[in-house]
Amino acid sequence: QVQLVESGGGLVQAGGSLRLSCAASGGTFSSYDMGWFRQAPGKEREFVAAISWGGGSTRYVDSVKGRFTISRDNAKNTVYLQMSSLKAEDTAVYYCAADTRGRSWIVYAERKTGYDYWGQGTQVTVFS
């Protein structure tokens, strides 16, 4: 059973930065593709960023390219999301997710169905 715990969310002024962390336990983290998703009030959960098991490949939704960076430390079983130049529209609950089934990165990296374990989420609120 894999457990994912997010941290690092909070209240930040527009233009500011935050770094989210997601600590994994109970599995073989270094073999999992990992993703970050977010869900704003009244909206569906959407893809934000993903990183392959070895860290060699990353994906981003267009709206965060150049502002967010996903990374991982397999020695610490942790994936990060560095968020800069934050905007009000980045306000959401951010979730990390793990693919423990080894699904195709090309096909599933940006899809919710590509991940089988999810954290509880951390709130990010950007005010202007």
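Which ring does the charged end of Arg111 sit over? The ring of Tyr108, 5.5 Å from its centre. The cut-off here is NZ of Lys or CZ of Arg within 6 Å of the ring centre and within 35 degrees of the ring normal. Arg72 also lies over a ring face, that of Phe29, at 4.4 Å from the centre.

Some ground rules. This is a predicted model, where local features need pLDDT of at least 70, side-chain atom pairs count only at pLDDT 80 or more, and totals for chains, interfaces and linings use all residues. Residues are numbered from 1 along each chain as its sequence is written, and side-chain values use heavy atoms, leaving out hydrogens and water.

Now the aromatics. The structure holds 4 aromatic pairs. Ring centres must lie within 6.5 Å, using the six-membered ring for Trp; planes under 30 degrees apart are stacked, over 60 edge-to-face, the rest tilted. Phe37 and Tyr115 are edge-to-face, 5.4 Å centre to centre, with 75° between the planes. They sit 78 residues apart. Both are buried, meaning under 20% relative accessible area, with exposed over 50% and partly exposed in between (1.4 Å probe, protein chains only). Tyr115 and Trp118 have centres 6.3 Å apart and planes at 70°, so that pair is edge-to-face too. Trp118 is partly exposed, at 27%. Ring pairs link Phe37, Phe47, Tyr115 and Trp118 into a cluster.

Last, Glu6. The side chain of Glu6 reaches the backbone nitrogen of Gln120 at 3.1 Å. A polar atom of that side chain also lies 2.9 Å from the backbone nitrogen of Gly121.

Methods
Polar contact = N/O pair within 3.5 Å; in protein donor to acceptor, adjacent residues only side chain to side chain. Helix = DSSP H or I, 4+ residues; strand = E, 2+ residues; numbered from the N terminus.
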